[in-house]
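Welcome! Here is a short briefing to read alongside the sequence and the model.

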Amino acid sequence: MSMDILSNMNNQELSQPSPLSKSNNTKTFAETTANTTFPKKEQAIILNTINEIPQIEYVKAFSKISSPKNIIFASRISNNRFCIYFRDKHTVDELIQNYSLISVNENQIPFRRLVNPAKRFIISNAHPIIPHEVITEHLLLENIKTLSPITFLKAGFQDELAHISSFRRQVYIHPDDIANVPGSLLIKYDNTDFRIFLTDDTLTCYLCKQSGHTSNHCKKEPNISTTNKYNTQKPTADETHITIPNATHEEDKT
């Protein structure tokens with residue numbers, strides 16, 4: 001065998017990648033899935049479908065009110081429903097806020113979030129001697145399902161007094177039960193009647209009683225003539241987040 005032939009064979013062997021180098025450049029299934037971003041349930045909406053309307057028509061309807069690039073998954077699901085996942089939660093928030101219906105082949109179809117967030121409620125004027133389970137039992141009597149344990153809220157004091165809790169508590173309620181929430185509940189415990197109040201966590205101004213801002217950012221001038229000149233104590237930040245019904249007594253005995 002001539003030297004030229006041997007030289008060509010050696011060059012071909014050197015130019016071919018080794019099995020070891022090829023395996024190093026190949027990603028495993030675990031590595032591939034580890035780099036995949038999966039959506040959250042908060043990124044999805046659902047709606048009831050209409051027979052004989054193709055899936056593409058629902059997708060087209062949403063692409064008219066949001067950029068088509070925002071739609072990342074779409075499919076029919078159980079109970080004659082259609083589900084669409086969007087690129088982010090912000091897109092879903094905007095759709096829910098600005099639209100309540102989509103038009104599909106001249107049909108107006110309502111849509112909603114795949115998962116309705118639980119609603120936070122504040123329980124005020126609740127004496128600390130009343131156990132959480134007693135309040136939960138009274139809520140169940142009103143057909144209100146709690147989605148979280150009841151917990152105490154801090155009084156809002158600072159420094160060495162920061163550990164002190166208030167007579168307020170919080171609980172998260174199923175969104176379908178919000179309409180059942182009364183303004184107050186009369187609870188009998190330890191041979192005493194207690195009136196507790198339930199309000200949502202809407203941001204409410206202490207001065208003008210309007211929602212959406214606190215007293216620190218209120219633009220309305222306070223009415224000095226109707227303000228108690230001896231009451232110079234400002235509410236804590238925690239207090240300005242809720243509206244507590246007027247009550248002259250902490251207990252409402254009947």
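## A first look

Ile-129 counts as partly exposed, at 47% relative accessibility; buried means under 20% relative accessible area, exposed over 50%, and partly exposed in between (1.4 Å probe, protein chains only). This is a predicted model, in which local features need pLDDT of at least 70, side-chain atom pairs count only at pLDDT 80 or more, and totals for chains, interfaces and linings use all residues. Residues are numbered from 1 along each chain as its sequence is written, and side-chain values use heavy atoms, with hydrogens and water left out.

**Around Ile-129**

- You will find Ile-129 in the loop between β6 and α6; helices (H or I, at least four residues) and strands (E, at least two) are DSSP runs, numbered from the N terminus.
- Not counting residues up to four places away in sequence, Ile-129 touches Tyr-189 and Phe-194, where contact means heavy atoms within 4.5 Å.
- Ile-129 and Asp-190 are 61 residues apart in sequence, and their C-alpha atoms are 8.8 Å apart in space.

**The sheet and its helix**

- Five strands form an open sheet in the order β7-β8-β6-β10-β9, with antiparallel pairing; two strands pair if DSSP finds at least two bridges between them.
- β7 (151-154) and β9 (184-189) stand at the edges with a single partner strand each, so one side of each is left without a neighbour in the sheet.
- On average, neighbouring strands of this sheet are turned by 35° against each other, direction ignored; axes are lines fitted to C-alpha atoms, for helices over the stretch in contact, and angles run from 0 to 180 degrees between N-to-C directions.
- Strand β6 (residues 119-124) and strand β10 (residues 192-200) run antiparallel and are joined by four bridges.
- Within that pairing, Ser-124 stands opposite Phe-197 in β10.
- Helix α6 (residues 132-141) packs on the sheet and touches β6, β7, β8 (165-173), β9 and β10. The direction of α6 makes about 130° with that of β9.

**Nonpolar cores**

- A nonpolar core is a set of buried Ala, Val, Leu, Ile, Met, Phe, Trp, Tyr and Cys residues joined through side-chain atoms within 4.5 Å.
- The largest one has 17 residues, and Ile-123, Ile-135 and Ile-196 have the most contacts inside it.
- At least two residues of this core come from each of β6, α6, β8, β9 and β10.
- Leaving aside neighbours within four places in sequence, the contacts of Ile-196 include Ile-123, Ile-135, Leu-185 and Ile-187.
- Another core, of 16 residues, lies apart from the largest one, and among its members are Leu-47, Ile-102, Val-104 and Ile-109.

**Salt bridges**

- The count comes to three salt bridges, each a side-chain nitrogen of Lys or Arg within 4 Å of a carboxyl oxygen of Asp or Glu.
- Asp-93 forms a salt bridge with Lys-89, with the closest N and O atoms 2.9 Å apart. The two are four residues apart in helix α5 (residues 89-98), which means about one helical turn separates them.
- Asp-93 is partly exposed at 22% relative accessibility, and Lys-89 is partly exposed at 40%.
- Asp-93 also forms a salt bridge with Arg-113, where the closest N and O atoms are 2.8 Å apart. Arg-113 lies in strand β5 (residues 107-113) and Asp-93 in helix α5, so the pair ties together parts that are 20 residues apart in sequence.
- Lys-188 and Asp-193 meet through their side chains in a salt bridge (3.8 Å, N to O). Lys-188 is exposed at 56% relative accessibility, whereas Asp-193 is buried at 13%.
- Shared partners join Lys-89, Asp-93 and Arg-113 into one network of salt bridges.
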